[in-house]
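Welcome! Let us take a friendly walk through a protein chain, one topic at a time.

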Amino acid sequence: MDITLVLGLVIVAALGGLAYAAFNYFSVKKLEEGTERMQEIASAIRVGANAFITYEYKIVAIVAVVVAILLALVISWSAAVAFVIGAVMSGSAGWVGMKIATFANVRVTNTARTSKSLSDTLKVAFKGGSVMGLCVSGCALLGIFIVFLVFGRGLGQIEAEFIHEQASSCKSILGMINENLNFGAGFTMTLSGYALGCSVIAIFARIGGGIYTKAADMGADLVGKTEAHIPEDDPRNPATIADNVGDNVGDVAGLGSDLLESYVGALLSGTILAIELFAKHVFGGTDLLEAMIYFPLAFAAAGLISCVIGIASLFVRKKLSDNPHKELNGATYISAILTMLFGAVIAYFSFSQFGGKNVTDDLGNTLSIFESVEFHIGWISPWVAAAIGIIAGIVIGKIAEYYTSYDYKPTKDLASASVEGSALTITQGLSLGMISCMLPCVVLGVAIYGSYLLSGMYGVAAAAIGMLSFVATTVSVDAYGPISDNAGGIAEMSYLEPEVREITDELDAVGNTTAAIGKGFAIGSAALATLSMMTSYIFAYTPAPELANYTEGALDKIALNVIEPAVLVGAIVGAALPFMFSGMLINAVAKAARKMVEEVRRQFKEIKGLLEGEVLPDYKTCIEISSQGALKEMRVPAIFCIAFPVVCGFIFGAEFVGGVLVGATISAIMLALFCGNAGGAWDNGKKYIEVGGVKGEAKGGDAHDAAVVGDTVGDPLKDTVGPSLDILIKIMSTISLVTVAAFAENNLLNLLGL
């Protein structure tokens, strides 16, 4: 496939997606906001969200500048510049998504108020969410296009001659790169720098937003619902505005940065692996190199175009059904099917030309060019691997839906357990979460092994690309949930008729399930992308002469020997790392939530007439508590996961870090699935009681109080810990890949001769 054509397709898809996002942004913004009271509440939410994300981005900017300087000093200036580009793209997507959410929420409420139509309200909520989804893919591809155009083509880093040069051609300022490693001749560093920029923004956005929203949510629920026995989002509850602000900064801005980082990691894992295979003489032929480098980009561009069609399919119809889940699934399936069809065409034009061609290695042995890269079923191999990823993502999502939706037995049983009290609610939820880990892991294992058998390690990367190729639609579906949740809060605080809240609650309940599905996609793709990045990592620190001939078993030499003490100890430490990271996040949420609980109790006690509805509470203080708590508590966990593999690398070396990556990835997958599914089930179990699903129980009863406690336990798990774990393993693998060329030889153990 022609390189210029691929880059043209990428920029057309990126700009087209962003243009459609802009169209939806302004079409939502021009809708009416509703009553004066609704406008006041929406304005307070908007001001709080803007203030928090501004302060958050200031902190992130300082960290980003420090990291960029260190990259320039230790790795390469091109990696530092690409890092900044990635940070800007990720930050921009999160900012725009947060802005549209704060505009869309009140307009969703007003549409429900004026139309009394579930389908019309769904359109507005989904249109708001689509801005976030389209910006994720559009900004990611735009940044990748810039990196490829400037560094790949402009500076020639992607040229075969440059890749086979020694790494001295792209030394860092301090000159710490080991020339014998031939680390992808620079472009691997540059691409990894771009991915790292996206990751740094994502980890701060997810952690900061997650702490903010869950501190407010827990404070509002524990005091408002279980102690004061007032409805959710009741205007008398001082934490309600902070809770709604948190939905925007955590569940929308954080979500967008998170999935953009996953998307970029999946795309670049395939490209980086292709470069490393070629750089280490595993296969020859510049034409095949170009095809393997550009296939992920073309596939992603086709995916974004498919998503535009899938998203638009919901809006072009005048009348939708009153089944939001069905309509959202329809948009997702259209996007996925079109992506698979377009992907087959791209695979044909990319790889069919190599059918029947052979290559000769340095020993004079001849083998099929497809055999050299383990494409065992010819040109279609990468496409089949990508299709496996797409199917695996959908199946993992369906499993998450089964365990978290109150349409199915597990969550219904969990809701029924609340009749016996909060202890059994929590016990049943823990059981559900643990059991729910098995099936997604089986599906993930089948996807990894199947894609590997068909297409080698490049196929595993292709499966990750497939799983996230229609991310614009999955993020749109996911982001619609917090917008609907906000809309329900505005309806409650504006004293609108119950019918309005019933509409927004139905949309919100579906949103909880779609969020759980989105989390399944995120951790599944993270596992696939991380595995591919780990392979590139091992290639990166293995000297090229050891891998000179494919027929001598070059790919078989790429392995971590778990019997080696350094690798084994690293794996044990790595397996404990996600638990430590999760504990830090839960503790951070608990600290902020404790202050929120104290403040809500103080206001109920000291403000006369508050519980009687005669005066309004002090919303501003609660917003400040969540903001200060999140900004203070997010720094240590975020910096910890960035610094840990680098520090370990410069002390213990590359093999130890390889073990850390393996151990951390395995335990993080389990924890993320457990947290997402258990938390989602607790949330929907509470909602099942609220809609009358448990006979004889309703809002305000003992069973409902127990369910609220379970929901509160699950809040930091599903919205703070779970989503942050997939970023943890990707940011660790990315930063390890970026810095291994420096610490592979320059570490304390080597210095001591151990």
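The side chains of Glu606 and Arg602 come together in a salt bridge, with 3.0 Å from N to O. Please keep in mind that this is a predicted model. Side chains of opposite charge can pair when their charged atoms come close. Both Glu606 and Arg602 belong to helix 17 (residues 565–606), where they sit 4 residues apart, about one turn of the helix. Arg602 has a relative accessible area of 31%, so it counts as partly exposed.

In total, the count comes to 21 salt bridges. Another of them joins the side chains of Arg46 and Glu33, at 3.2 Å from N to O. This pair links distant parts of the chain: Arg46 is in helix 2 (residues 36–74), while Glu33 is in the loop between helix 1 (3–29) and helix 2, 13 residues apart. Is Arg46 buried or exposed? Its relative accessibility is 14%, so Arg46 counts as buried, because buried means under 20%.

Asp683 forms a salt bridge with Lys686, and their closest N and O atoms are 3.6 Å apart. Both residues lie in helix 20 (residues 654–690), 3 residues apart, and both are buried. Asp683 and Lys686 also belong to a network of salt bridges, whose members include Lys214, Asp508 and Asp719.

## The nonpolar inside

Now look at the largest nonpolar core, which has 249 residues. Which of them touch the most other members? They are Phe148, Tyr194, Ile203, Phe351 and Tyr537. Leaving out residues up to four places away in sequence, Tyr537 touches several residues, among them Ala654, Leu661, Val740 and Phe743. There is also a second, separate core of 6 residues, including Ala415 and Tyr688.

Helix 8 (286–315) and helix 9 (324–351) each supply at least two of its residues, and helix 9 gives the most, with 5. Tyr333 lies in helix 9 and is partly exposed, with a relative accessible area of 32%.

## The whole chain

Stepping back, the chain has 22 helices and 2 strands. Its radius of gyration is 25 Å, close to the 27 Å that the globule rule gives for 754 residues, so the chain is as compact as a globular protein of that length. Of these 754 residues, 66% count as buried.

Note on methods: Residues numbered from 1 in each chain as written. Predicted model: local features only at pLDDT ≥ 70, side-chain atom pairs only at ≥ 80, totals over all residues. Heavy atoms only, no water. Buried < 20%, exposed > 50% of the residue type's maximum accessible area, 1.4 Å probe, protein only. Core = buried A, V, L, I, M, F, W, Y, C linked by side-chain atoms within 4.5 Å. Contact = heavy atoms within 4.5 Å. Rg over C-alpha atoms; globule rule 2.2 N^0.38 Å. Salt bridge = Lys/Arg side-chain N within 4 Å of Asp/Glu carboxyl O.
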